[in-house]
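Please look over the structure shown below before reading on. The report then takes up a handful of residues in turn.

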Amino acid sequence: MTQSAAEIAPPGFTSALIIDDHPLFCDALLMTLQSVAGLQEIATAPCLQEALPQLELAPDLILLDLNLPDVQGLDGLKQLRRLTKAPILVISSMADNRVISAALHAGAAGFIPKHSQREVFRAAVDALRRGERFLPAGYVLLPEQQDQGGTDALSRLRSLTQQQARILRLICEGKLNKQIAFDLSIAETTVKAHVTAIMRKLAVQSRTQAVLRAKDAGFR
């Protein structure tokens, strides 16, 4: 059963841990949290492995990007959820209802699109302090879709050609089209065509959604 924010959020907090591999965004987010949310003790980490030792400092709040160098999709969120009771606020550039809902069902206490204004960050932190979940304006929490991560997803994955499956594995590793083209010795335009076909077969609209669907179905 998914925990509610009230079950995982402490009554008040002043410290945070930001996990994101973009230094400029981390710096901007750190200043935003200090100025509009009153958080003063803020640590940063560029990947999950470097963040894990900092959990010993028991941060009151964790802000997590879904796409990190060492984990993809919801894997990092699920690992953190097992290791800490601190509320986890997901911050991602991939912000549609399906991604947001998947993150909240996986244990996130809230979700903020990366392009959000400063006041959204204030509202999110205030909501978590009150023990509430935070969902950005204009978005709705979709019901948890067990079938999308099970039989239906497996059936869709089986429809991929061998080359499409190879490309999906590389996408799950975080590789860009140019890197995939180099690894497979094919043209980048060919990779783009395969990626389009993969997303169509998996019934998703983005690479991040493809990764989430693949990993939820145990794709290796």
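What follows is a short account of selected residues in a predicted model.

## The annotated residue D65

D65 carries a UniProt annotation, "modified residue: 4-aspartylphosphate", which comes from an unreviewed entry. Such annotations may be inferred rather than shown by experiment. In the model, D65 sits in the loop between strand 3 and helix 4. The relative accessibility of D65 is 5%, and because buried means under 20%, D65 counts as buried.

Leaving aside neighbours within four places in sequence, D65 is in contact with I19, D20, D21 and H22, with I91 and S92, and with K114.

T84 belongs to the loop between helix 4 (75-83) and strand 4 (88-92). With a relative accessibility of 14%, T84 counts as buried. The side chain of T84 makes a polar contact with backbone, reaching the nitrogen of A86 at 3.0 Å.

## L168 in helix 8

L168 is part of helix 8, which spans residues 162-172. Is L168 buried or exposed? Its relative accessibility is 0%, so L168 counts as buried.

Apart from neighbours within four places in sequence, L168 is in contact with L157 and L160, with I198 and L202, and with A210, A214 and F219. A further distance concerns I180: L168 and I180 are 12 residues apart in sequence, and their C-alpha atoms are 9.7 Å apart in space.

## Two loop residues with positive phi

A58 has a phi near 55°, a positive value, and is not a glycine. A58 lies in the loop that runs between helix 3 (48-51) and strand 3 (61-64).

S185 is likewise not a glycine, and its phi is positive at about 55°. S185 is placed in the loop between helix 9 (177-184) and helix 10 (188-202). The relative accessibility of S185 is 66%, and because exposed means over 50%, S185 counts as exposed.

Notes:
Residues are numbered from 1 along each chain as its sequence is written. This is a predicted model: local features need pLDDT of at least 70, side-chain atom pairs count only at pLDDT 80 or more; totals for chains, interfaces and linings use all residues. Side-chain values use heavy atoms; hydrogens and water are left out. Helices (H or I, at least four residues) and strands (E, at least two) are DSSP runs, numbered from the N terminus. Buried means under 20% relative accessible area, exposed over 50%, partly exposed in between (1.4 Å probe, protein chains only). Contact means heavy atoms within 4.5 Å. A polar contact is a pair of N or O atoms within 3.5 Å; within protein, one must be able to donate a hydrogen and the other to accept it, and residues adjacent in sequence count only if both atoms are side-chain atoms.
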